[in-house]
Amino acid sequence: MRKWLPLTAVCLGAFMLLVDVTIVTVALPDMAADMHTGFSGLQWVMDVYALALAALLLGAGSLADRIGRRRVYLGGLALFAAASLACGLASGPAALIAFRAVQGIGGAAMFATTMALLSSAYQGRDRGVAFGVWGAVNGAAAAAGPIVGGLLTEQFGWRWIFFINLPVCALAVYVTLKAVTESRDPHAKGLDLPGMAAFTTGAAAVTYALIRVGENGWTSAGTLALFALGAAAFAAFVLVELRSSRPMLDLSLFRSPAFVAVMTSSLLMSGAAFGYLMYVSLWLQSAEGMGPVGAGLALVPLSLAAFFVAAVTGKLMHGASVRITIGGGLLLIGAGALLQGWLLDSGDGWTALIAGLVVTGVGVGMISPALAAAAMGAVPPNRAGMAGGALNTFRQLGMALGIAVLGAVFQSGLEDGLEGSGQPHGTAEALASGGAGKLLHAAPGARQWVEDAFTSGLKDTFWVSGAMGLAGAVILLALVRRPAAAAAPAAAPASVPAPAKPAEPADDAAERTAV
């Protein structure tokens, strides 16, 4: 059993940081009531964590190569624990959002090093077993997030979704110190600090602009200024990466249509499949009167379907064309969202969403095992670590942008649903902030217009989510034009020539890769 202690240490950290992506979802109404925060504040509580993960994954991986993966992993655990404690003790929304960002920084340090630590600790068949367990833990984290969050929030209060991280972090630190050896890349280059700064600024500015759209509209001066800042920052990022001798992201990778397709698919998959869940949770708890546990269980069909389908298709569809695995998965994700929008009517409960959530989960399960392999197959072996880091970055960025885009759509749909109800200005904001229960209690006759508003907002959200999934499928099918040949490397698109360069050491090639 001692030989599996490094796997235990890595899985503890990975499970915790991935659970924290979704654990907050079912606690949002309680947070809003306790902290008196508005809709944009709730969006930032979700978004800033994913944004920090996306912005810093590649940089954290580069730092770990230089100073040691074990050291960076331990530092990430310590920072994550401290930020979790601060989140649980936060007295206001601004402090909570700030400490959630610090949580994301710690999570990036942990996530960027997990695969490299496993590659260093295990060889041969043991390495395959370790990666398989690690992938299963990732899937279980997605399924467990809403349930764990619901149980903790309902039984102990929302602050315990953060306090629970402290003993897990302590155990992970102890096992890491006891069983994990240090590893680093002797040929690692310096950090790309200008690239990190430009990318972080661009991602944050665009996300903030999208969140402001719901309050101020697309054409307000503040919104346009933020979009302009984001565009300028991303342009600066491209220039920095093209001129840098140690780029955070080698932009030449995007010369491969297959690599572009995989990155776009990961971005749109995260936004289309998971971006609307916080708005569904707000509806279930504030308008439908469900508790956090009930809301968490209502979202589980998606996670469970993804978990079981990934376990099956990972073996049955090994080597299949990405047109089938990723393209088909995106089609199902889009279809699942559209199905939810089609079946949901005013007055319906959570059962109207089950079929669509299951279809979406099947699509996520098809894509998840294929994305990492396709990213690796689309680049030369000596760029495998960077490709894996880019994949994780795009997935988390898709989550952050998806929440922001769908938030603007959701709020606009609420306002459309309130037309003709005679409600004052600001009612949509109150509903979006979890205030439906108070409105229903104050005016029992409000049930009809509250249900109409939420139905309108959720339907619009599902339509846009479905369009995102279908758009991802179309882009993938257009860029990857023919299936992988049987003789091609595992999971590599046939449109990408098999790289001729010798592979780098396994612990370097696999780092920062996610299933």
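**Figure 1. Buried residues of helix 6.** In helix 6, the residues T114, M115, A116, L117, L118 and S119 are buried, where buried means under 20% relative accessible area, exposed means over 50%, and partly exposed lies in between, for a 1.4 Å probe and protein chains only. Because six of the eight residues of helix 6 are buried, this helix is largely enclosed by the rest of the structure. Helices are DSSP runs of H or I with at least four residues, strands are runs of E with at least two, and both are numbered from the N terminus. The model is predicted: local features need pLDDT of at least 70 and side-chain atom pairs count only at pLDDT 80 or more, while totals for chains, interfaces and linings use all residues. Residues are numbered from 1 along each chain as its sequence is written, and side-chain values use heavy atoms, with hydrogens and water left out.

**Figure 2. The protein chain as a whole.** The protein chain contains 21 helices and zero strands. Of its 515 residues, 56% count as buried. Contact means heavy atoms within 4.5 Å. Among contacts between residues at least 6 apart in sequence, 83% join residues at least 24 apart.

**Figure 3. Helix 4 against helix 6.** Helix 4 (residues 69–89) packs with helix 6 (residues 114–121) at an angle of about 135°, and their axes are 10 Å apart. Axes are lines fitted to C-alpha atoms, for helices over the stretch in contact, and angles run from 0 to 180 degrees between N-to-C directions. Helix 4 and helix 6 are therefore oblique to each other; angles under 35 degrees count as roughly parallel, over 145 as roughly antiparallel, 65 to 115 as roughly perpendicular, and the rest as oblique. The crossing of helix 4 with helix 6 is left-handed, a term used if the near helix is turned anticlockwise from the far one by less than a right angle, whereas clockwise gives a right-handed crossing. R69, R70 and Y73 of helix 4 make the contact with T114, A116 and L117 of helix 6. By class, these residues are three nonpolar, one polar and two charged. Ala, Val, Leu, Ile, Met, Phe, Trp, Tyr, Cys and Pro count as nonpolar, Asp, Glu, Lys and Arg as charged, and the others, Gly among them, as polar.

**Figure 4. Helix 1 against helix 4.** The axes of helix 1 (residues 5–22) and helix 4 come within 12 Å and cross at roughly 40°. Helix 1 and helix 4 are therefore oblique to each other, and their crossing is left-handed. On the side of helix 1, the residues A9, V10, G13, A14, M16, L17 and D20 meet Y73, L77 and F80 of helix 4. This contact comprises eight nonpolar, one polar and one charged residues.

**Figure 5. Helix 3 against helix 4.** Helix 3 and helix 4 pack at an angle of about 145°, and their axes lie 8 Å apart. Helix 3 contributes Y49, A60, L63, A64, D65 and I67 to the contact, and helix 4 contributes R69, R71, V72 and F80. The classes are seven nonpolar, no polar and three charged residues.

**Figure 6. The span of helix 5.** Helix 5 (residues 93–111) has 19 residues and reaches 26 Å from its first C-alpha to its last, close to the 27 Å expected at 1.5 Å a residue. The expected span of a helix is 1.5 Å times one less than its number of residues. Among the buried residues of helix 5 are L96, I97, R100 and Q103.

Figure 7. H36 is placed in the loop between helix 2 (28–35) and helix 3 (39–67). The phi of H36 is near 55°, a positive value in a residue other than glycine. At 66% relative accessibility, H36 counts as exposed. P186 lies in the loop between helix 9 (165–179) and helix 10 (193–216), and at 69% relative accessibility P186 counts as exposed. The C-alpha atoms of P186 and I67 are 9.6 Å apart, although 119 residues separate them along the chain.

**Figure 8. The surroundings of L226.** L226 is located in helix 11 (residues 221–243), and at 14% relative accessibility L226 counts as buried. Not counting residues up to four places away in sequence, L226 touches A205, Y208, A209 and R212.
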